[in-house]
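Visitor: I would like to learn how to read helix packing and a ligand site in a model. Could you walk me through one?

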Amino acid sequence: MPVDHDVLVSGAGIGGLTLALSLHAAGIRAAVVEAADLAPPLGTGVSLPPSAVAELTALGLGETLAHHAVAPAVLSHYDRHGGHLWSEPRGLGLGHPVPQYSIRRAVLQDLLLQAVRTRLGTDAVRTSTAVVRFHQSESDGVRVALRGGGRVRTETALALIGADGLRSAVRAGLHPGETPPRWSGVWWWRGLVPWQPVLGGRTVMVAGGGGVRLHVHPVSYPYDDGAQPPPAYGNGPGAPYAGYPYESLPRRGQALLHWTASVRIDPEGLPGGAGAADWNRRGRLAEVLPHYAGWRIGDLDVPALLAATPRIQGGPLVGRAPLTRWGQGRVSLIGDAAHPLLPAAPDGTGLAVLDAAVLARCLARTTPDRAAGMRLYESHRAARVAALDAMAPPPCDTLLDLVAARAPDGFAQVGDVLTADELNRWTAAHRALEAAAEAW
Ligand SMILES: Cc1cc2nc3c(=O)[nH]c(=O)nc-3n(C[C@H](O)[C@H](O)[C@H](O)COP(=O)(O)OP(=O)(O)OC[C@H]3O[C@@H](n4cnc5c(N)ncnc54)[C@H](O)[C@@H]3O)c2cc1C
């Protein structure tokens, strides 16, 4: 029986779009359906580790990424009083063949979307179209019910991939009765803010202690051409403005900084419960500011940065118990749909890119047996992800909490709070975690 699609992908997030490009490069036809309309810029900032950058570069996106993203030069850790603990280079400086990148999530999603539409056709991604449920059989492949334009219709595919994130409809169909995502006890807030370059301009800064964390890094280089309109996207003069208005654009000399604040809180203090996790949920300055009163990290005035942020997002950090099996038959999962918010590696973007690249290779190797390709993919990636999950809590959390417990009022020299041996063990654990997150 003829089918509508070879591979149908549910979700045009970072994972789903990378998968469409990777399948196309492998000679496999893919179509993507996306529940949202994708018109507003979605999300704040994400990181792409070198292994994910290498995959996107192999897809011909290296130059585009270099144009739109920032390659951080250094990762630096501080305690909450600004005491410097440890730094190391990033990307090329660590010997990787390609950089690590920090990028606005909407920019990354948009550049992937444009690449998919250019290579696969303008109709390859259908927005405002959600997977509702599916049914698979040996004879008919996968029958997928799609909701869009106020009606539900059924289309058929040889294979269905759930790249539909934290509340994946495909995962729900594969694992009926699974409990909803669980709150981890951590509350997060995020924002993008035009700000002068801090800490040398290309630093990923991590600070905290006592259950309170702050990450800050630039997602654009400073805008420095007064003759051009400031770009909402991209790195400066001539960078294309993709048409999404941003509330507060960088002025001359400013970059766009991304910050993530997270705080472990007592669930007893939330009598109404944490509520639903939603990447677009709004947060309030009054909620986040008290946790960072008086923080100054090098030349970064943290309360001023938070207060200048035009729109703060926030909500409970949730995750799911690991799956014992990801897919079944001709259906499988990638990215957050398969393994949302691993405590050891909270930024799932690099993992989603690697999942997509490995799945495309496995499907290509086992063509035309789509089910065999999926099982091959799952055997690789599920083991990688399980190994990463076993490394929680991240060494960074352990180190920052240890330092805060030993020196609650700060320290003068790192040697006052940590022995050389402790610091060496910690850096080794940190590198092992990064290597596990990058392994494909
Ligand atoms: C709106 C949004 C904002 C985000 N902001 C950030 C951020 O600022 N920082 C950060 O680190 N991470 C952010 N994330 C998460 C981050 O993108 C992912 O952790 C990571 O990139 C892995 O991507 P993914 O493709 O697996 O999932 P996601 O990026 O979550 O993409 C899943 C996609 O599937 C779509 N979808 C959901 N249900 C259906 C359905 N039934 N049918 C069809 N499509 C469906 C969603 O609309 C979404 O576009 C955000 C995710 C979203 C959806």
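Guide: Gladly! Let us begin with a pair of helices: H1 and H4 are roughly parallel to each other, because their angle falls under 35 degrees. Keep in mind that this is a predicted model.

Visitor: How is such a pair described in general?

Guide: Two packed helices are described by the angle between their axes and the distance between the axes. In this case, H1 and H4 (residues 105–120) pack at an angle of about 30°, and their axes are 9 Å apart. The crossing of H1 past H4 is left-handed.

Visitor: At what angle do the axes of H1 and H8 cross?

Guide: They cross at roughly 30°, and the axes come within 8 Å. H1 and H8 are therefore roughly parallel to each other. Here H1 passes H8 in a right-handed crossing.

Visitor: And how is H8 oriented relative to H9, roughly parallel or roughly antiparallel?

Guide: Start with the numbers: the axes of H8 and H9 (residues 370–389) cross at roughly 150° and come within 7 Å. Angles over 145 degrees count as roughly antiparallel, so H8 is roughly antiparallel to H9. The handedness of this crossing, with H8 passing H9, is right-handed.

Visitor: What kind of peptide bond joins Thr367 and Pro368?

Guide: The omega angle tells you: it is about 10° for the bond between Thr367 and Pro368, a cis peptide bond. Pro368 sits in the loop between H8 and H9. Another cis peptide bond joins Ala392 and Pro393, with omega at about -5°. Pro393 belongs to the loop between H9 and helix H10 (395–406).

Visitor: Now for the ligand. Which residues come nearest?

Guide: There are 29 residues around the ligand, and Gly15, Glu34, Thr44, Arg105 and Asp336 come nearest. With Arg105, a polar side-chain atom lies 2.7 Å from a ligand oxygen atom. Thr349 also places a polar side-chain atom 3.0 Å from an oxygen atom of the ligand.

Visitor: How much of the ligand does the protein bury?

Guide: Compare the ligand alone with the ligand in place. Alone, the ligand exposes 920 Å², and the protein buries 91% of that.

Visitor: Which elements give two or more residues to the shell around the ligand?

Guide: Those elements are helix H1 (14–25), strand S3 (45–48), strand S8 (129–137) and helix H8 (349–366). S8 gives the most, with three residues. That brings us back to H1 and H8, the roughly parallel pair, as both are among these elements.

Visitor: How many nonpolar, polar and charged residues does the shell have?

Guide: Sorting the shell around the ligand by class gives eleven nonpolar, 13 polar and five charged residues.

Definitions and conventions
Residues numbered from 1 in each chain as written. Predicted model: local features only at pLDDT ≥ 70, side-chain atom pairs only at ≥ 80, totals over all residues. Heavy atoms only, no water. Near = heavy atom within 4 Å. Polar contact = N/O pair within 3.5 Å; in protein donor to acceptor, adjacent residues only side chain to side chain. Areas by Shrake-Rupley, 256 points an atom, 1.4 Å probe, with all protein chains shown as cover. Helix = DSSP H or I, 4+ residues; strand = E, 2+ residues; numbered from the N terminus. Nonpolar A, V, L, I, M, F, W, Y, C, P; charged D, E, K, R; others polar. Axes fitted to C-alpha atoms, helices over the stretch in contact; angles between N-to-C directions. Parallel < 35°, antiparallel > 145°, perpendicular 65-115°, else oblique. Left-handed = near helix turned anticlockwise from the far one by under 90°.
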